[in-house]
Number of protein chains: 2
Amino acid sequence: MNKPLILITNDDGINAPGIKALTDVVRTLGKAVVVAPDKPMSGMSHAVTMNSPLRLHCIQKTRDYEEYSCNGTPVDAVKLGEKIVLRRKPDLVVSGINHGSNSSVNIVYSGTMAAVIESSILGIPSIGFSLADFSHDADFSQTLPFIKKIVEEVLRRGIPDGICFNVNFPMVNGEAIRGVKVCRQAKAYWEESFDERKDPHQRDYFWLSGYFQNLDKGEDTDEWALANHFVAITPIKVDFTAHHFISELQNWDLNN
Amino acid sequence: MNKPLILITNDDGINAPGIKALTDVVRTLGKAVVVAPDKPMSGMSHAVTMNSPLRLHCIQKTRDYEEYSCNGTPVDAVKLGEKIVLRRKPDLVVSGINHGSNSSVNIVYSGTMAAVIESSILGIPSIGFSLADFSHDADFSQTLPFIKKIVEEVLRRGIPDGICFNVNFPMVNGEAIRGVKVCRQAKAYWEESFDERKDPHQRDYFWLSGYFQNLDKGEDTDEWALANHFVAITPIKVDFTAHHFISELQNWDLNN
């Protein structure tokens, strides 16, 4: 049987420790091909590069492993990976391990999860992995056996069309991870509080800042799982339509 | 009764004809405050600016109308609009009129709709407007009475928490728009076909290209409505969880 072909990307850039940890696991499960941004692309969400040309740089290429950087976003990396590097659809796309959680509302800003959602739109099973620790030297060691198990399960079972997975690991500070919980996204948001400053010319400028506001105390949420040292796996749906509101909206008076 | 406070943004930039057309309508319905990117930001999706400072530039300020440009993305513009310009939540956010459709899967790449989704996350009723015509000198005249009617309805009825609206206008080439249809997103995707070139140094580069692939022929879709000269209004849900898949996933063997 052929080994599965697995495309790996992220949004922290190809030199981040997180993607190296993910690659080490995935290489044991199939042919691994890394196509990742050449610089950090956190917060780029689902951005695509349309107004400037894209470049691909081959870093390494052997029979079992290939590694490329690109000057685009995580979504560009998936598209380049499929169409230029592989010239076919991979069996799986994995993204991460992100330095920082992509639980709850963070999915919408995340380049890591945008790569996963793009893959799902393209009909490729895909999983995002994130660790709730923003530091460059985060300890990924406890996440690795879970990643192996989850990737094996996905390769064995597949994922239904239109669904992808968002996997977030807790920061446990030396304690043991307690297991995996299937979750829903917590309903939360970022409460902005711009840091307002003046430049040397006395002109205002602003740093986007803020704090995470979670009012959703449900024990079935990803936030609850992380706070209680569980791995949170959330099935994500690539369908923005609010189907339950369609019949009500049909009763509105919308024609002029 | 106080006039409603309406924040206006877009992703084509503050000088695009589409935002000027939208502003002209909205100014008749409330106090209009424009906070929009100072340059085109199409395809920026839900990107936020975290690694460089943001600037706001006041272009015009009267009792009934204010206009600001910013150097950030559409999502940054919403955040700056709420927190720095208005220092309160507006009663409504409108985004557009986008030069080009944001129907179907395009919502995921769209800065116009990202601004709308961000507003919804912040608890503000919000509507995106797009015309299926990419040209700079697109004719917005037929859209204006529909926009007025839809904005009036939303101000009167409100929108339930967690829902926002995606309104797309057909390109009719002089014919009449046939009315408004409440739709779901068509299930479609962009089939990439990179334009592969060599630079003068014989190095490869790639332009992201491709064509829109719609395999969803449902007559309840936004694509069907646009093709048949209807305005498509799609209620959008800010909830990525695939709730229907949670119980199945709970039966998977995920613990290592």
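Leu29(B) counts as partly exposed, because 17 C-beta neighbours fall inside 10 Å (buried means 20 or more other C-beta atoms within 10 Å of a residue's own, exposed means 12 or fewer, and partly exposed is in between, with C-beta atoms placed from the backbone). The model is a predicted one, so to speak of local features pLDDT of at least 70 is needed, side-chain atom pairs count only at pLDDT 80 or more, and totals for chains, interfaces and linings use all residues. Residues are numbered from 1 along each chain as its sequence is written, while chains are lettered from A and ligands numbered from 1 in the order in which they are written.

Leu29(B) sits in the loop between α1 (17-26) and β2 (31-37) of chain B; helices (H or I, at least four residues) and strands (E, at least two) are DSSP runs, numbered from the N terminus. Setting aside neighbours within four places in sequence, Leu29(B) is in contact with Pro4(B), Ile6(B), Lys148(B), Val151(B), Glu152(B) and Leu155(B), where contact asks for C-beta atoms, placed from the backbone, within 7 Å.

Turning to chain A, nine strands make up an open sheet with mixed pairing, in the order β3-β4-β2-β1-β5-β6-β7-β13-β8. β3 (56-61) and β8 (180-182) of chain A are the edge strands, each with a single partner, so one side of each is left without a neighbour in the sheet. On average, and ignoring direction, neighbouring strands of this sheet are turned by 20° against each other. Two strands are said to pair if DSSP finds at least two bridges between them. The pairing of β2(A) with β4(A) is parallel, over six bridges, and here Ala36(A) has Ser69(A) as its bridge partner. β5 (residues 92-99) and β6 (residues 126-131) of chain A also pair in the parallel sense, over five bridges; His99(A) is bridged to Leu131(A) of β6(A). Helix α2(A) packs on the sheet, touching β1 (5-9), β2 (31-37), β3, β4 (65-70) and β5 of chain A, and its direction makes about 135° with that of β2(A).

That helix, α2 (residues 74-86), also meets α3 (residues 111-121) of chain A: their axes come within 8 Å and cross at roughly 35° (axes are lines fitted to C-alpha atoms, for helices over the stretch in contact, with angles from 0 to 180 degrees between N-to-C directions). Contributors to the contact include Pro74(A) and Val78(A) from α2(A), and Gly111(A) and Glu118(A) from α3(A).

As for the pair of chains, a rotation of 180° with 0.0 Å of shift along its axis superposes chain A on chain B, RMSD 0.0 Å (least squares on the C-alpha atoms of residues with pLDDT of at least 70 in both). The two copies are thus related as by a two-fold rotation axis. In all, 65 residues of chain A are in contact with 66 residues of chain B. On the chain A side, α4(A) gives the most, with seven residues. Since 100% of the interface residues of chain A are also interface residues in chain B, the copies meet through the same surface.

Definitions and conventions
Two residues are in contact if their C-beta atoms, placed from the backbone, lie within 7 Å.
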